[in-house]
Amino acid sequence: MSRFRAIDRQTDYLLPPSVQEWLPETHLARYVVDVVEALDLSALERAYAGRGSDAYHPAMLLSLLIYGYATGTHSSRRIERATYDSLAFRFIACNQHPDHDTLASFRRRFGEQFAELFVQVLQVARENQLSRFGTVSLDGTKLHANASRHSALSYGHAQKIEAQLKAEVQEMLKLAEAADQGNVPEGVDLPAEIKRREDRLAAIATAKAKIEARAKERFEREQAEYEAKMAQRQAKQASTGKKPGGKPPKRPQTGPQAEDQINLTDEDSRIMKVAGGGFEQCYNAQAVVDTESMLVVAPHITTAGNDKEQVAPMLECIQALPDGLNQPARLLADTGFYSERNVQHCHDAGVEPLIAVGRDAHHPDWRSRFEEPAPLETPTSHVEQMKHALKTQTGRAAYALRKQTVEPVFGIIKSVMGFRQFLLRGVGNVRNEWTLVCLAWNFKRMAALRLQ
């Protein structure tokens, strides 16, 4: 005869009376709470005026957000539900239930403070000797914006729609002024139709003005680069007496192009090429990752789809960190970041660059793995020195760390933590949310390193 455990839903205590008994000692939620409550949250605490009913403590709300992002629960509504359904969230919330408006307001209000807390957590990692932050890897990944690419409006299409709407408004105005409106279909409210089109024309005019402003900024940047390249070619011609080889740089065009676009839902996002083919409305999320601990050292968001211009900004982010975190010895990056100027940026910052200058062959000769290049003749440029270092066994071994550090971090954030699309809009809010995501990853990683 089968034997079963009794089904008893009438027991007075379904849970232990103390929240400290709900989770095992090594649980991630305990680690998040312990570290967050040891951080300096005085700036967040001072922001509360102390009027009205008692507020939830920022340490609890921050812990809920960090644990939520670390475990794939990103939206404030799901976090609120989890405080009822999940023991871990109940433990963090002390068996209380902050509503989703409170959580969303906290995330939006204190987004800029997440960067300061991010640095504090890195200092905790250094004090616990989880890493020496000596070699770092740089990479970027495209994350979907909270906007559809079908909401994008190109400058050329905007001009066509604008002309059509203006013609329709003029036609409707004539019909409205006519004494006999027999040509007007039954049920048509001409004033309402005219107003609707005028509102669309105003929105299109605003979008066009923003596209034109972007085009102006782009022209000024490209014009400066063009003049610098031309000056370099002229200086080379003057020193050698020979005309420089290759095609001269193309002069940039003024004004917006027909394909220049703006998204009407999130104007800061851009249509970018994504892995696997195709184009989506995205932001380019950058991260500098420590190769020893796989902790994110510096997160950043850019609206540029190309990674080539991100080395200098990321070096600035690293140098802005406190002592002990701001001076890595070596920077690893793939070929998408390579340029002579980026190599020089690294040397100016006192960092040895190992940036791939091209794609490696898939099936190289087995002897090449054990060969050492001939010594360089001095003097050589920084680029030649880097290319030589990448051919050595030491350099190849160091560069190989890139694939097993920064790329797995992005893979875990997207596939395990489930973060593939931003919830917030606008580049400032998105940058704060990306910092929160990387903060959650660092907590997840530090908890794992502590148990090793």
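Analyst: Happy to! A crossing of two helices is called right-handed if the near helix is turned clockwise from the far one by less than a right angle, and left-handed if anticlockwise. Please keep in mind that this is a predicted model. With that term in hand, let's look at helix 3, which spans residues 58-70.

One partner of helix 3 is helix 1, made of residues 28-38. Helix 1 passes helix 3 in a right-handed crossing. The two pack with their axes 10 Å apart and at an angle of about 140°, which makes helix 1 oblique to helix 3. On the side of helix 1, the contact is formed by Leu28, Ala29, Val32, Val33, Val36 and Glu37. Helix 3 answers with Ala59, Leu62, Ser63, Ile66, Tyr67 and Ala70. Sorted by class, the residues of this contact are ten nonpolar, one polar and one charged.

Now for another partner, helix 15 (427-451). Here the axes lie 8 Å apart, and the angle between helix 3 and helix 15 is about 80°. The two helices are therefore roughly perpendicular to each other. Helix 3 brings Leu65, Ile66, Tyr69 and Ala70 to this contact, while helix 15 supplies Glu433, Leu436, Val437, Leu439, Ala440, Phe443 and Lys444. This contact has nine nonpolar residues, two charged ones and no polar ones.

Key: Residues are numbered from 1 along each chain as its sequence is written. This is a predicted model: local features need pLDDT of at least 70, side-chain atom pairs count only at pLDDT 80 or more; totals for chains, interfaces and linings use all residues. Side-chain values use heavy atoms; hydrogens and water are left out. Axes are lines fitted to C-alpha atoms, for helices over the stretch in contact, and angles run from 0 to 180 degrees between N-to-C directions. Helices (H or I, at least four residues) and strands (E, at least two) are DSSP runs, numbered from the N terminus. Angles under 35 degrees count as roughly parallel, over 145 as roughly antiparallel, 65 to 115 as roughly perpendicular and the rest as oblique. Contact means heavy atoms within 4.5 Å. Ala, Val, Leu, Ile, Met, Phe, Trp, Tyr, Cys and Pro count as nonpolar, Asp, Glu, Lys and Arg as charged, and the others, Gly among them, as polar.
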